[in-house]
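User: Could you walk me through how to read the packing in this model?

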Amino acid sequence: MTHRESLLKAANTGHHPRHQSFKTLIEHFGFRMASMNRMHSTFVHAEIPELFNLQNINGQIKPFQVRQIINLVYKYHLKASDEL
């Protein structure tokens, strides 16, 4: 399964993805963690001006954050590391 397929699957399953695995997945799209506190991780990308916050709620993230990252990936035509 490609990273893009994994991202779309995370949106369609209806459950809360694990924070660590989702963090690793978005790093394949070029996001890197800029800062972190107890509940939030802020990610940046070299090609986009927007920041992305990822909440860690008991080791999981909210489904709306998966949709937000999918919107950024398609809005800015970002490629995953396995698509280059």
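Analyst: Start with α2, whose buried residues pack against α1, β1 (32-36), β2, β3 and α3. Contact here means heavy atoms within 4.5 Å, and buried means under 20% relative accessible area with a 1.4 Å probe, protein chains only. Helices (H or I, at least four residues) and strands (E, at least two) are DSSP runs, numbered from the N terminus. This is a predicted model, where local features need pLDDT of at least 70 and side-chain atom pairs count only at pLDDT 80 or more, while totals for chains, interfaces and linings use all residues. Residues are numbered from 1 along each chain as its sequence is written, and side-chain values use heavy atoms, leaving out hydrogens and water.

User: Which residues of α2 are buried?

Analyst: They are H19, F22, K23, L25 and I26. Seen down the helix axis, they fall within an arc of 160°, so they line one face of α2; the arc is that of the directions from the axis to the C-beta atoms.

User: How do I read the largest nonpolar core?

Analyst: In soluble globular proteins, nonpolar side chains tend to be buried together. A nonpolar core is a set of buried Ala, Val, Leu, Ile, Met, Phe, Trp, Tyr and Cys residues joined through side-chain atoms within 4.5 Å. Here the largest has 19 residues, and α3 gives the most, with 5 residues. Not counting residues up to four places away in sequence, I69 touches L7, F22, I26, F31 and F52.

User: Is S41 buried or exposed?

Analyst: S41, in strand β2 (residues 40-45), is buried, with a relative accessible area of 2%.

Terms used: Buried < 20%, exposed > 50% of the residue type's maximum accessible area, 1.4 Å probe, protein only.
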